[in-house]
Amino acid sequence: MTQGPDGADDTSASPPAAETAGDPHLLPLDADGVAVVTVGTALWWVAFLVLLVWPDHAGHGGPRGWLAITFAVGVL
């Protein structure tokens with residue numbers, strides 16, 4: 001805790017610059033949001049096609065549930 005000029009605790013002091021500035025060694029990612037969403041959507045469509053061809057790979061949700069999920073996410 002820091003103290004003000006009159007010796008009282010100063011609770012309105014801002015945090016040290018190191019806490020607010022972040023790590024200077026970390027650089028922002030050089031990623032395009034459109035490319036990331038496009039690749040993610042394509043992967044959901046691939047999952048839809050795999051489940052359409054091999055419905056027994058659906059797991060516990062059953063083929064209809066996972067087909068609906070992968071289709072809905074691909075559309076979204």
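**Aromatic pairs around Trp 45**

Phe 71 is partly exposed, with 40% relative accessible area. The model is a predicted one. Phe 71 belongs to one aromatic cluster together with Trp 45 and Phe 48. Three aromatic pairs are found in the structure. Two of them are described here.

The ring centres of Trp 45 and Phe 48 lie 5.7 Å apart. Their planes meet at 90°, over the 60 degrees required, so the geometry is edge-to-face. Both residues sit in helix α2, which spans residues 33-53. Trp 45 and Phe 48 are three residues apart there, and so about one helical turn separates them. Trp 45, at 29% relative accessibility, is classed as partly exposed.

Trp 45 also pairs with Phe 71. This pair is edge-to-face, with 5.6 Å from centre to centre and 85° between the planes. Here the partners come from separate helices: Trp 45 from helix α2 and Phe 71 from helix α3, residues 62-75. The pair therefore ties together parts that lie 26 residues apart in sequence.

Trp 45 thus takes part in an edge-to-face pair with Phe 48 and in another with Phe 71.

Terms used: Residues are numbered from 1 along each chain as its sequence is written. This is a predicted model: local features need pLDDT of at least 70, side-chain atom pairs count only at pLDDT 80 or more; totals for chains, interfaces and linings use all residues. Side-chain values use heavy atoms; hydrogens and water are left out. Rings of Phe, Tyr and Trp (its six-membered ring) pair if their centres lie within 6.5 Å; planes under 30 degrees apart count as stacked, over 60 as edge-to-face and the rest as tilted. Helices (H or I, at least four residues) and strands (E, at least two) are DSSP runs, numbered from the N terminus. Buried means under 20% relative accessible area, exposed over 50%, partly exposed in between (1.4 Å probe, protein chains only).
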